[in-house]
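Subject: Structure for you to look at

Hello,

Please find the structure below, followed by notes on what was found in it. Keep the model open while you read.

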Amino acid sequence: MSLLYHSVTLDSDKCMGCTNCIKRCPTEAIRVRDGKARIINERCIDCGECIRVCPHHAKRAIYDDFSRMNDFAYKIALPPPALYGQFNNLDDIDYVLNGLIAMGFDEVYEVSRAAEMLSDATRRMMKEQNFKKPVISSACPAVVRLIRVKFPSLCDNVLSLLSPMHIAGRQAKKEAMEKTGLAFDQIGVFFIAPCPAKITDIRQPLGVEKTWVDGAFSLAEIYPRLVDCMNKVKEPMPISKSGIIGVSWAGSGGEASALIREQYLAADGMENVMAVLEELEGERLSELDFIELNVCQGGCVGGVLTIENPFVAKARVQRLRKYLPVSLNRFNGKMESIKWREKLEYIGVMKLSEDISEAMRMMEEIERLTDNLTGLDCGSCGAPSCRALAEDIVTGKARLNDCVFVLRQEASSAGIDISSDPRMRLITDHYEKETAK
Amino acid sequence: MQPIIKTYVIPGDDFTHAGEASGKVKAMLKQLGYDSDAVRRIAIAMYEAEINMVIHADGGKATVEIHPDRVELTLQDSGPGIEDVELAMQEGYSTAPDEVRALGFGAGMGLPNIKKYTDDMKIESIVGTGTKIYMLVKAGKTS
């Protein structure tokens, strides 16, 4: 397996070692060790759920510093349609696009344009019927990565076409090279990211070796500066070339409804996405043609790097698109040019062992240990559940007395004072600090 | 190699939890590194049998035996039994009540699907006593 890049990271200083993130992680990729959360790299899918839930803001997304723009002679911004839902009283998308120009970009290429191209290409592909149905959208990188680690039999159902961000990056750079005569390396294409999963998908795309997108800025970080620039725009230049279809990709259901004729399902939010994937794996949704899944509630408007509540943002996008034409972009290129080069391969990171007999022996031990633990799933040991602790013990990553109840039992039966245990000290130190205040 | 044996009690008349046992078995097999085709077939076959038990027999008991090269499942209930097993095996034949069909079940594909996805199946049913279904799925991967 290649070295995994992640855009979700931990700020150790801020981490309190609480149980919020470990309980929320869909792939059980976080453990608290020595009072700090640790991300298990192979399992992390960069969904950003831990960033959303961390009360201490210890989980962060890694993105490019805005100054990285200066590395390029010609700079292009790729705003996602989710950005349009972030502004109060906005009635024209061009204010946003002109604001980006005022911020220092030479050009803006709307990702919603590429979304319309992809919708067109998908519609064409769906007519051919020579692929596994139902087709699962590959636009949400966290969904694709979730399938890759947890749903082996669904890997072949994933739509093997580039996502709008990658298509937009390529179109933008190609057109700019023709227009300006500048070389590939002199043009910088930057995505305004609503979530960390998209940033990971730039650094380490799936299905293709590399992307034409050079980097990503956080939507939340550039937001105040963008609002400032937008307020200075008096008469916006007409830049936007997106229709209802492209702009609707901002929220859940936008991509699926753009297919027009197909029977579809659109689900959003991590729990719902997992439930639908389970149903698909059980072949209980075979009557459907297309499945749109977004791990964030509401779709991309719910990304952890957005500002506005997803429902408010979605309502605003609905208002903005009201008087737009249906679609302004078609896909005129060769299908091959937007197809993935590599198949999506299952990576068995949850597997206990490569050897099935060894795995079975470990499983027996896990089952036995789980039955003997309290079943409270309190998370105090640093694992998300008693079963996860049992797995960690059997795989040599934890000890039985990491369970505070086991520890208490052991101590009291041996007549030992457990106040010197590092976890107990954490509690007593904290208590002393609080009472001293 | 000793098989892993797990027993599950399937509650009757409870659609909100129907499918939980097969879900657990699926998760366990994935963790064991079973080949994905076998996992898929086992999960679907067991799910169908589990749902049948909930609809027709007020629940029952499922026993799963996991061997390195195969999984054997036995689902036993004390329900009304099947009068004509051959007829019940036909696609589209169902005796599920209307309220169950309203939930999207009872399409008459349960037993045919079990047959389709398993490498062997046996039904023993006595009217008034209950039904026992045995299923075998061979794993492609051995080591």
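A residue is called buried if 20 or more other C-beta atoms lie within 10 Å of its own, exposed if 12 or fewer do, and partly exposed in between, with C-beta atoms placed from the backbone. Helices (H or I, at least four residues) and strands (E, at least two) are DSSP runs, numbered from the N terminus. With those terms, 9 of the 10 residues of helix 6 of chain A are buried, so this helix is largely enclosed by the rest of the structure.

Some housekeeping. This is a predicted model, in which local features need pLDDT of at least 70 and side-chain atom pairs count only at pLDDT 80 or more, while totals for chains, interfaces and linings use all residues. Residues are numbered from 1 along each chain as its sequence is written, and chains are lettered from A and ligands numbered from 1 in the order in which they are written. The model scores ipTM 0.87 and pTM 0.92. For chain B, the mean pLDDT (the predictor's confidence in each residue, from 0 to 100) is 90, and 98% of the residues reach 70 or more.

Chain A

Chain A has 17 helices and 11 strands. An automatic or database domain assignment sets the domain bounds: domain 1 covers 8-61, domain 2 covers 66-338 and domain 3 covers 356-436. Between the C-alpha centres of domain 2 and domain 3 of chain A there are 43 Å.

The C-alpha atoms of chain A fill a box of roughly 80 × 60 × 40 Å along the principal axes. The radius of gyration is taken over C-alpha atoms, and the globule rule is 2.2 Å times the number of residues to the power 0.38. For 437 residues a compact globule would have a radius of gyration near 22 Å, and the 24 Å of chain A agrees with that. Of these 437 residues, 45% are buried.

Back to helix 6 of chain A. What does its buried side pack against? The buried residues of helix 6 pack against helix 8 (196-203), helix 12 and strand 11 (290-294) of chain A. Among the buried residues are Pro141(A), Val143(A), Leu146(A) and Lys150(A).

Leu159(A) sits in the loop between helix 6 (141-150) and helix 7 (164-180) of chain A. Is Leu159(A) buried or exposed? Leu159(A) counts as buried, because it has 25 C-beta neighbours inside 10 Å. Two residues are in contact if their C-beta atoms, placed from the backbone, lie within 7 Å. Leaving aside neighbours within four places in sequence, Leu159(A) is in contact with residues including Thr122(A), Val135(A) and Ile136(A). Leu159(A) and Ala172(A) are 13 residues apart in sequence and 23 Å apart in space, C-alpha to C-alpha.

Backbone details

Most residues other than glycine have a negative phi, and most peptide bonds are trans. The bond from Lys133(A) to Pro134(A) is cis, with omega near -5 degrees. Pro134(A) lies in the loop between helix 5 (111-128) and strand 7 (135-136) of chain A. Glu283(A) has a positive phi, near 55 degrees, and is in the loop between helix 12 and strand 11 of chain A. Asp377(A) has a positive phi, near 50 degrees, and is in the loop between helix 14 and helix 15 (386-394) of chain A. Glu283(A) is partly exposed, with 15 other C-beta atoms within 10 Å, and Asp377(A) is partly exposed with 16.

Chain B and the interface

Chain B has 5 helices and 5 strands, in the order β-α-α-β-β-α-α-α-β-β along the sequence. The radius of gyration of chain B is 15 Å, close to the 15 Å that the globule rule gives for 143 residues, so chain B is as compact as a globular protein of that length. Buried residues make up 40% of chain B.

How many residues of chain A are in contact with chain B? There are 20, and they are in contact with 17 residues of chain B. Helix 12 (270-281) and helix 14 (356-372) of chain A each supply at least two residues of that side of chain A. The largest share, 6 residues, comes from helix 14 of chain A.

Regards
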